[in-house]
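Here is a short tour of one protein chain, written for reading side by side with the model. Please keep the viewer open as you go.

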Amino acid sequence: MKGRTPREDVEGYARTVSALPQTAAVRTLTGRYRGGTKAEAPGPWDAYLDSPGGPVLVVTSRFPPGADGSAALVRQLRTLPAHGRVLVAGEAAEAVDALSAIRRTLPWCCGLIAAGTFVLMAFFTRSLLVPFKAVVVAVAGLTATLGCLVYVFQDGHLRGVVGDFRAPGYLFDMTTVFLLATAYALSVDYEVFIVARIKEEYLASGDNTSAVVVGMQRTGRLVTAASLVFATAMAGPATSQVTPLKLTGAGLALAVLLDAVVVRGALVPGLMTLAGKANWWLPGGWGRRRQVRRGA
């Protein structure tokens with residue numbers, strides 16, 4: 001609370017805050033409060049809570065800092081009427097502000113990444129369907145990865161597999177965004193390797209099915225080896241006792257292996273085989289150039 005406030009106003013505000021359902025306790029210069037009543041008289045150190053900028057209230061939530069209950073408490077404190085301006089700080093407030101910033105900018109960021117991927121791959125492959133498919137399957141792989149992360153690190157399952165850790169009941173916002181962005185970049189990187197080889201075979205033979213088969217045969221080992229090397233490198237963070245590091249290591253290893261085995265090994269060749277020559281279609285005169293070089 002900014003500005004000098006009489007002690008009775010501070011006490012009344014502390015009682016109101018302590019009565020909120022998400023609040024466990026409140027400590028300020030007038031004492032300690034629980035459930036809307038004063039529980040303890042002020043101690044010798046509580047006098048330091050009367051700062052030059054105004055009285056300070058130390059509010060203890062019933063929930064972990066990143067949980068929904070703590071976020072709801074932060075929002076209530078910022079809208080609760082008070083005698084003066086209220087500034088809410090702390091780990092829970094930082095989590096709320098970070099999540100709010102992510103929600104404002106993430107849709108634009110995702111749209112820019114998807115559009116950039118589509119345009120660059122369209123110029124590279126001379127196709128509209130292949131880059132669209134690349135974005136869709138990459139998002140599908142990330143969705144599966146995110147579901148696994150929620151099941152393991154948010155809900156606390158499979159601790160015997162990834163090592164014991166404390167499940168906070170939520171995912172770390174910045175860590176999860178970084179993880180998914182890195183996994184998406186690796187996914188598109190593998191897609192470029194595979195599609196480039198398939199396109200070479202298609203230009204040589206004109207047979208889409210044969211091109212997919214040969215392209216997968218000649219790039220499958222490369223993609224698998226690269227994913228195994230990366231997953232092995234993530235073993236260090238995955239075995240950490242620090243939950244955000246464990247989340248990063250195990251999440252990236254899972255995302256890469258899932259992409260290499262399921263997405264690149266089954267989904268991509270299946271979709272490209274079903275699409276046939278539509279993989280290489282371009283509207284108008286853009287696609288009317290001789291792409292097939294038939295051998296004798």
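## About the model

This is a predicted model, in which local features need pLDDT of at least 70 and side-chain atom pairs count only at pLDDT 80 or more, while totals for chains, interfaces and linings use all residues. Residues are numbered from 1 along each chain as its sequence is written, and side-chain values use heavy atoms, leaving out hydrogens and water.

## The sheet and its helix

Let us begin with the open sheet, where four strands follow the order β3-β2-β1-β6 with antiparallel pairing. At its edges stand β3 (37–40) and β6 (58–61); each has a single partner strand, so one side of each lacks a neighbour in the sheet. From one strand to the next, the twist averages 30 degrees. Helices (H or I, at least four residues) and strands (E, at least two) are DSSP runs, numbered from the N terminus, and two strands pair if DSSP finds at least two bridges between them.

Strand β1 (residues 23–28) is joined to the antiparallel β6 by four bridges, and T23 has S61 as its bridge partner in β6. Helix α1 (residues 7–18) packs on the sheet, touching β1, β2 (31–34), β3 and β6, and its direction makes about 165 degrees with that of β1. Such axes are lines fitted to C-alpha atoms, for helices over the stretch in contact, and the angles run from 0 to 180 degrees between N-to-C directions. On the β2 side, β1 pairs in the antiparallel sense over three bridges; the two strands form a hairpin with two residues between them, and V26 has Y33 as its bridge partner in β2.

## A buried leucine

L73 is found in helix α2 (residues 68–79). Is L73 buried or exposed? It counts as buried because its relative accessibility is 4%, the cut-offs being under 20% relative accessible area for buried, over 50% for exposed, and partly exposed in between (1.4 Å probe, protein chains only).

Leaving aside neighbours within four places in sequence, L73 is in contact (heavy atoms within 4.5 Å) with L20, Q22, T23, V59 and S61.

## Backbone features

R126 lies in the loop between α3 (91–125) and α4 (129–154) and is partly exposed, at 25% relative accessible area. Its phi is positive, near 55 degrees, in a residue other than glycine. Most residues other than glycine have a negative phi.

Further along, G276 follows α9 and has a positive phi, near 65 degrees.
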